[in-house]
Amino acid sequence: MKDIFRPNAMEDDPKPNQSLSLRINIFFFSTFIIFCIIIVRLAIIQFVEGSTLTEAEASRDTKNVPLASIRGTIFAKGGEKLAYSTSVQTLYFSLTSEFTQTVTDKETRITSRAPEAAAKADQLAADLAASFVKYGAKLPEGEALTKEAILKAMDLDSKVYSGFMPRPVKRGLSNEEIAYFMENKDKYPNLTVSEEDERHYDPDTVAVQTVGYIKPFKKSKESFDMYLNIQAAMRNEADPSLAYRDDEFVGVDGLELQYQRELRGRNGYLSVAVNAKNMAEGIVETVPPVKGNNLWTTIDKTIQMKTEQAILDQIKWVHSNPVQGKVHRDALTGYAVAMEVDTGNVVAMASMEDYDTNLWTTGTLPTEVYNAIQLNYQNGAITPISSGRSGHNFSSTVFLGSVIKPLTVLIGLNEGFITTHTSYTDKGSTTFGRAGHETTVRNSGGHAYGYFKTPAMAIEKSSNVFMIDEIGKKLFVKYGSEGVKVWDKYMREFGLGEKPGSGLPGEHKGLINYFNEADTDSGGGGAQSALVYASFGQQGQYTVLQLAQYASTLANQGVRIKPQLVSKITDQAGNTVKTFGREVLNEVKFDKAYWREVIKGMNTSVTAFNDFPYDFARKTGTSQQQYGITVNGKRSSHLADNGVFIAFAPRDKPKLAVAVVIPEGGFGSNSAAPVARKIFDAYDWEYGLDSIPKKSLPQPESTADVEAGDGADQEQTD
């Protein structure tokens, strides 16, 4: 209280405006200091820590690494595995920055791997080599993975794989190896064990070209539109599960390619954090793969194997058994298709000789192995390309020969050139062309068959001259040069000149020779010549699948059915994903009387079927094809006989249609027909041509097979 009474007490306290000024000065000074600190820190970040922070930021980028799924199984009709995958475990190495550090020599300026990084890689490779020896399956001396081989697989310089992509070190780990690496994850953070599949094919080589084969994606991605589209989707950052690994095996032919998406399933993937150097820094997310679906084919393994063996037996038979005084040692290949008439299901599709598709599963094919199979690794039942060659280099597509004659007669009936009661006297030959420049065409062997009461008899006797006089020449008279287009329209309605529609990759339309023959500017004989030769089967070359579909269309009286090779698709749990049934491609409308007449005429005598228990419709064919040989420097032209045969059984209630082609096999009755007989017998045994499987009936003590090559019908076209 005494200070209150001091006279100068108020004069000692600061004035209010002085205190405020001091506080403001302190505030601005503090603010200045803070800004200085911020500016200095920003400078440090920009100029000192910039590169480090940039790399750290980049490390938050992610890349998706595909994990291959297990491929689905391709089953035969009875459940036998034609193509299947087994699970294998693969050890992968992920490249990280600790293995890629480099140093630059100040004098030479040469950059090399840092000693610490090289030592770390060497140590890891040495440890792995020792672990493989200790825990892996026992291998023959000299076959174990060495440290050098492991270093190469690690791809430290990213010559094979992108920086973040895991490198496969060893495929097919033993259980002990799997356990060891799983237990030592902390010791080996760069190693991952991943489940993959290993493809196998039936060692009995069942319908191998139809089933197809696989190759690594990197060797296939430029060859097929499907894989080109996949690459485009990958570039556009589509669903990561659709991305393919370069070392992933994919289908490249047959059903393996046709149903690639269904069989493959969906890949899983690793979301991997990568840094600015494209190196993996850790796994962000793992999405497991989804196993592929299974295909159930319509191929019956028993019938397929009997078909394949029948072709090989018949080729061997014509090599040593003379027919008309001649053996046929240039018959080296054969093709057959058996197709159910009502469903379109293909129960057998053979292209012989075949080979073992397991050759492709290693990913590489030695040159000598490829050279051995390059002529027959594709499906001769659907394409003439790389699918077998006869002794004079004939492909799997040959002229139809007389098997065209039922259709020729149908055309004549529909065009009004003949009726079901038209009679004709066959004198054995006929002519066509301008007066003074006529060309003569004869029946096979020059036979004059005499009086035909109906067109059916002309088909049964396989009369060339009837087809020429009553249909071929009359088409030209009616339509002139446009007659070739009219003929072509009829052919295509029966699938001759059209893809059969099975969907198999490489399906061929056939070779449409009559347009070339009609083109006189290109050396052809003109439209009349084209129609004449086409009328008896010398102007169109088609695949055996097309011929089977043609036979089925005759059996169905004009209804062309899609050949089906897959009956259903199921998932890994056995649930049906999709089913396939009868599918009509087109229908040809002819008078019922025309069909009856033609099918009645399909009655050629074939000794191989002498004891066949069913009435059946059939037509043999022996088309002729030119080949040249050089003797003493002189070139000469010769004709070879190709064996062709089509049939369906039974005649009134058709169940199965069959087509067989043996290039350079001689008469169709001797080379092709005996194969067809064995196919019909095999189907009858398994399913019954009368819907009663003969294997279900009491069997006699012994049965005798029909002898290969038994009999001849003396038929040949000129």
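Analyst: Happy to! Let's start from H200, which touches L82, A83, Y84, T86 and N358, where contact means heavy atoms within 4.5 Å and residues up to four places away in sequence are not counted. Before going further, note that this is a predicted model, in which local features need pLDDT of at least 70 and side-chain atom pairs pLDDT 80 or more, while totals for chains, interfaces and linings use all residues. Residues are numbered from 1 along each chain as its sequence is written, and side-chain values use heavy atoms, with hydrogens and water left out.

H200 belongs to strand β7 (helices, H or I with at least four residues, and strands, E with at least two, are DSSP runs numbered from the N terminus). With a relative accessible area of 21%, H200 is partly exposed, a class that sits between buried, under 20%, and exposed, over 50%, for a 1.4 Å probe and protein chains only. The side chain of H200 also reaches the backbone oxygen of E198 at 3.3 Å, a polar contact (N or O atoms within 3.5 Å, one able to donate a hydrogen and the other to accept it; residues adjacent in sequence count only if both atoms are side-chain atoms). Across the chain, H200 and K81 are 119 residues apart in sequence, yet their C-alpha atoms are 9.3 Å apart.

That takes us to strand β3, residues 81–93, which runs antiparallel to β2. Strands pair if DSSP finds at least two bridges between them. Eleven bridges join β3 to β7, residues 191–201, and these two strands run antiparallel; V88, for example, has E196 in β7 as its bridge partner. β3 also pairs with β6, residues 167–171, in the antiparallel sense over four bridges, with T90 opposite R171. Then there is β2, residues 74–75, joined to β3 by two bridges, where I74 stands opposite A83; A83 is also one of the residues that H200 touches. The hairpin of β2 and β3 has five residues between its strands, and G79 takes a positive phi near 100° there.

D300 is found in the loop between β12 (294–297) and α10 (301–320). What about its charge? D300 is buried yet has no salt bridge, K77 being the nearest side chain of opposite charge at 5.9 Å; a salt bridge asks for a Lys or Arg side-chain nitrogen within 4 Å of an Asp or Glu carboxyl oxygen, and Lys and Arg count as positive, Asp and Glu as negative, with His and the chain ends not counted. The side chain of D300 does reach the backbone nitrogen of T302, at 3.0 Å.

T302 lies in helix α10 and is partly exposed, with a relative accessible area of 31%. The C-alpha atoms of T302 and V206 are separated by 9.3 Å, although the two residues are 96 places apart along the chain.
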